[in-house]
Structure formats: structure tokens, C-alpha cells
Amino acid sequence: MAQAFTKAMARNIFYGGTGFFFLVLLALTFQTHQEWPELDNRQAINDVVTLGKQVWEDNNCVGCHSLLGEGAYFAPELGNVYLRFGESTDAIKGFIASRPVEGIPGRRSMPQFNLSEEELTAIAEFLKYVAGINTAGWPPNIKG
Amino acid sequence: MKYESQKVAKLYFIAAIGLFVGQILFGLIMGMQYVVGDFLFPEIPFNVARMVHTNLLIVWLLFGFMGASYYLVPEEAETELFAPWLAYLMFWIFLAAGAATVLAYLLVPYATLAEVTMNHLLPTMGREFLEQPTITKIGIVIVVLAFLFNIGMTILKGRKTVVSLVLLMGLTGLAVFFLFAFYNPTNLVMDKYYWWWVVHLWVEGVWELILGAILAFILIKTTGVDREVIEKWLYIIIAMTLITGIVGMGHHYYWIGTPEFWQWWGSIFSALEPIPFFMMTVYAFNMVNRRRRNHPNKVAVLWALGTAVMAFLGAGVWGFLHTLAPVNYYTHGTQITAAHGHMAFYGAYVMIVLGMISYSMPLMRGRELCNSVRSQSLEMWSFWLMTISMVFITLFLTAAGILQVYLQRFSDNPMDFMVVQDKIALFYWLREITGLIFLIGLIVYIASFFIGQDEPEATVEPLK
């Protein structure tokens, strides 16, 4: 680097640039909060969905599945599973409830989580709520 | 080693390496489950193995960062550590909490763990990388605050250098942004949005300051290049890191229920994120070429150059591959992400910690400057075994990812997720075999601490 470019200048670029772009991030975050009511399907959130998210978290579902593309890539995407299962919460409940305890020989299998009827309903309603989030057209198709 | 209290780092590094072994073993278990689906089922389901794999990575890197700080800061500040006893105390608390958490993952169902740790009081569990029980998270905060206090007080009472200041800023950021782990609204979009303030602002933000500071320290010590020059580079690199990386967080905000303007902000800024990594590569080689001395610890220099190159490839190039919104539309949440994650973490963070260990461990074990030729050449073998394995793991996962994207999302007749997984199994097998070679590299690495220890130190021709 040329001698004209001093350490003090580099330091000022660091502090100035970091401060400025952190403010940009805050401004964009503010704008994001403004637009969320139109996008995040918050009107669908109720006590059942809240319980559903708790069931989702308490069983570490994200340890195998992705949800809106985030999580693990060992098992199918679930952000649109409600749509993939023909908009049927019963189909989701039936699938989760019927997982074999000892798995399937040689193949990946979802564990049997022994969820109660209330929890099954809640997780299905949670996944229905997620399917209603505006994700800018992602995933590209129903396969997730 | 100039100050007695620097020795605190030794314990931290030993723990880091031990947990690293655990991380790799669970990585191999997961890799096996990718191809033999019922491997260890239902005793160790995939989600448990993954939690152990990723959490051990985070914890051992934190041990590494802490050890590096305890070694580096007294030397930079030219004073003993403020409170060595606190560093020892926090070490045992952190290790006990970490071990208890990992054992709990393995021994009880996750839902039971959530229940007994009363997750419902302040639900923070069950989110990727933040799976730790809330009580463990609080423990992490306490340990990190005590550590920051210790490091901060040491810097305050001693010489204040740019290296230790940048390190302190990185560590403070680490502590501050971790607090977002405690924010978990039911609104999934808001949950995800602020989850990234921990994950992205850590690994693509403040952790890079820590990386930069440690690398600068190693380069100052091994090349003898004027501190002023290195500090100028450090400032400009971390400036570019945060100028691109803060708004670059937008590349996580394309498809999670966030406004579409993020596709522009995220694409443009994150496309620039490779620049600081490229600069880091140029700088590391430049400093070594302009060295004023030949340092006999050649393997430490190798790690320093290696981390610069591999961070550029893994974080920079492999990140850029899928960071533009129109590309990410197809690659989001596929093996492409996994490929990038593996090489980026290895290149940027694993290698810098191993580099710091490589530089400082011989000194803490009573050597004057470095290990014997025998130990060093063994460690160089481990460097190449692990690094080349990681390159191939990344290439195989990238191949798997490209096929996955095509078969599942791009072709005229998209297939189901599980059908596609079967079709790309060959690449998962190759990844697993390469993972075994990585493990061999790690075993050689550990062997290098024991073999050749009774031989004299390596020497080197003075620079003409």
C-alpha cells in the first residue's frame, strides 16, 4: 500500500464504515418491520399455533428438516408441507403419528415422538400457518 | 512465552482439541446416516448427532478463541493476565456445562431435556445451532462476560495495541449478539430474522475480527514485519468485512417472509463479502514474503497461510457461488449450503485456532521457539490430510448439491426429496470416505504433540 494511505485512515474507514452500515441495517430493519404485517401471516397466529411452534422446538424438528430452507437437509422441507399434503392437517398428523418406533431397515425414518392428540393438532396447525407466509415464491416447486 | 499467566491458554487448547475429536466422530456418524439411513437408529437419531456435531464445533472454537485471547493479550499488553484464577475457574465451569449439555443430548430425548430445564419459562431451544437448554445459554453468557472482563482489564492495565483492541471488539460483539439467542417470538419470520443476528453477525461479522486479530498476531511474531504495516492491513480488512458483511446479512432474508428489497441489498453487499477474504490472502503471503526473519516454527506459518487461502475459498468463493438471489432461489437449503458451511468453518475458524495452537503450544510446553523437525513434519502431514480432505468433502457435497437442485427443483419433472437423496447417494459415500481421511489427519495432528517431543528444536538459516 502507498505511504499516503496511513493507519489512521484505515482505522477511520473501519469505524466510519461499520457505524454507517450498521445504521443502514437498522433502517432496513425498521422498514422490514413496517412491511411484515402484509407478509408474515401473523393473523393466523393463535394459541394452537403457539403450542405448535413449541412442539416443533421441543422435539428439535429442525435437526433433520428445513423450514423455509433453514435447518438440516436430512429430511424434506416443511415450509410448504401443508400444501404438499393436499392442504390437509389430518394428513400431517397421520404421518407423524404413524412413524415406526424401530425405524425402517436400511432407510432414513422419522422417530416416533409419541405426541398427544393436542400436540399433533398444534404442530399441524403450526405448519399450516408457516405455509401461509409470503416467501417471495420460494420454493421453486411443490417438492420443496 | 513472556508472561507466566499466558499458560492458562494451554488448558483451553487441550479441551478444544478434545472436543474437536468428538465433533468429527459425530460428523462421521451423520455422514453414515446419510447413506445407511437406520445407522444407530433409534439410539442416536440424526438430529441428535447433528446437534452434537454443530454444538461441539461452536464450543471448541469458543475454547480456541478464549485460549488464543489468554495467550495473546498478556503478550500484547505486556503485563500479566488480570485474574488467572478467574480464567481457570471459567474453564472448568464452561467445560462442565458443555459436557453436561452434550451428554444430555445423547442420554435423554430432547423433549425431556426441554421439559426438565423448563424451556417453557423462556423458550430458546429447538432452533438450529441454538439448541442448548436456556440454562446452558445463561451459563455461556456468564462465562463469556467473566472472560471479557478478564481480557478487558488486562488490556486496560497494559499496552493497548491494535491487535488486542480488534480482538476485544470481536469478542465484545460475540457476547452482545449472542443475546439475540434469548429472543424467540412465536412469529416465525421475526424469530428467523433475529436468529441471524446471532448466526450471521457472528460468523460473517465479529468472528472475522477475532480471526483477523489472531492472524495478525501470528504474522507479527513469525515474520517480524513492522507492526504498523500489519495493523494497517488489519484495519482495512476488517473494515471491508463489516462494510460488506453487515448489510450482506440480507442474503439470508430472501425467502423467509421478509420484504423483497432484501434480494437487492443482500445480493449486492454479500457479493462483495469475498473482497476482505481475498485481501487477507494477499496480505498473509505479502507479509511472509517481506519477512525480516526466518522463524523456525514453519508449521505455524503454514497454518497462517492456509487459513487465509481456505477462508477465501470456503467463505469467499463458495459463499459467492450461491449468494445471488436468482441463484439462491434454487440452491437455498440444499447440499450447496452444507458444502459452503464445511469449508468456510474449517478455513476461517478451525485453521486459525489450530494455527494459534501451533504457534503457542510449543512455547507453553517449554520450547524456546518451536517443536522439533519431526513433530513439525508430522503436523504438516496433518495439515495437508485435513485440508485436502476438506476440499474434497466440499467438492463432493457441491456435486451432490448441484444434482439435488437439478433433480428436485430445476428439471421438467421434479422428483421427491427422498427419491433425489437416493440418486445422489454416491456422493454421500465419497464424502463419508473422505471424512475418514480427515479423521486420520486429526489423529496424526494429535500424534504430533507426542512424537518428537524429546528431540531438539528445529533450527533455520538466518535470513540473508
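Contact here means that heavy atoms lie within 4.5 Å of each other. With that in hand, here are some exercises on this predicted model.

**Exercise 1. The interface of the two chains**

Task: Describe the interface of chain A and chain B by its residues, its buried area and its polar pairs.

Solution: 
- Begin with the residues: 73 from chain A are in contact with 86 from chain B.
- Turn to area. The size of an interface is often given as the accessible area lost when the parts come together. Chain A and chain B bury about 6,900 Å² between them, and 65% of this is on carbon and sulfur atoms.
- On the chain A side, the residues that lose the most area to chain B are Lys7(A), Tyr73(A) and Arg108(A), which together make up 11% of what that side buries.
- Now the polar side of the picture: the count is 6 salt bridges between chain A and chain B, and 35 residue pairs are in polar contact across the interface, both residues at pLDDT 80 or more.
- Next, locate the elements. Those of chain A that give two or more residues to the side touching chain B are helix H1 (7-39), helix H2 (47-58), strand S2 (70-71) and helix H5 (117-131). H1(A) gives the most, with 21 residues.
- Finally, sort by class: this side of chain A has 38 nonpolar, 22 polar and 13 charged residues.

**Exercise 2. Salt bridges between the chains**

Solution: 
- In the salt bridge of Lys7(A) and Glu228(B), the closest N and O atoms are 3.1 Å apart. Lys7(A) sits in helix H1 of chain A and Glu228(B) in helix H8 (residues 227-248) of chain B, so this pair joins two chains.
- Glu228(B) has 43% relative accessibility and therefore counts as partly exposed.
- For Asp191(B) and Lys53(A), the closest N and O atoms of the salt bridge are 2.8 Å apart. Because Asp191(B) belongs to helix H7 of chain B and Lys53(A) to helix H2 of chain A, this pair also joins two chains.
- Buried means under 20% relative accessible area. Asp191(B), at 4%, is therefore buried, and Lys53(A), at 3%, is buried too.

**Exercise 3. The domains of chain B**

Task: Describe how domain 1 of chain B and domain 2 of chain B meet.

Solution: 
- 29 residues of domain 1 of chain B are in contact with 29 residues of domain 2 of chain B.
- The two domains of chain B bury about 2,400 Å² between them, with 86% of it on carbon and sulfur atoms.
- Across this interface there are 0 salt bridges and 1 residue pair in polar contact, both at pLDDT 80 or more.
- On the domain 1 side, helix H1 (8-35) and helix H2 (46-77) of chain B are the elements that give two or more residues. H1(B) gives the most, with 15 residues.
- By class, the domain 1 side has 21 nonpolar, 5 polar and 3 charged residues.

**Exercise 4. One histidine**

Task: Is His200(B) buried or exposed, and which side chain does it meet in a polar contact?

Solution: 
- His200(B) is found in helix H7 (residues 188-223) of chain B.
- His200(B) counts as buried because its relative accessibility is 0%.
- The side chains of His200(B) and His252(B) are joined by a polar contact of 3.0 Å.
- Beyond four places in sequence, the residues in contact with His200(B) include Gly245(B), Met249(B) and Glu273(B).

Definitions and conventions: Residues numbered from 1 in each chain as written. Chains lettered and ligands numbered in written order. Predicted model: local features only at pLDDT ≥ 70, side-chain atom pairs only at ≥ 80, totals over all residues. Heavy atoms only, no water. Buried area = accessible area lost by both parts, 1.4 Å probe. Salt bridge = Lys/Arg side-chain N within 4 Å of Asp/Glu carboxyl O. Polar contact = N/O pair within 3.5 Å; in protein donor to acceptor, adjacent residues only side chain to side chain. Helix = DSSP H or I, 4+ residues; strand = E, 2+ residues; numbered from the N terminus. Nonpolar A, V, L, I, M, F, W, Y, C, P; charged D, E, K, R; others polar. Buried < 20%, exposed > 50% of the residue type's maximum accessible area, 1.4 Å probe, protein only.
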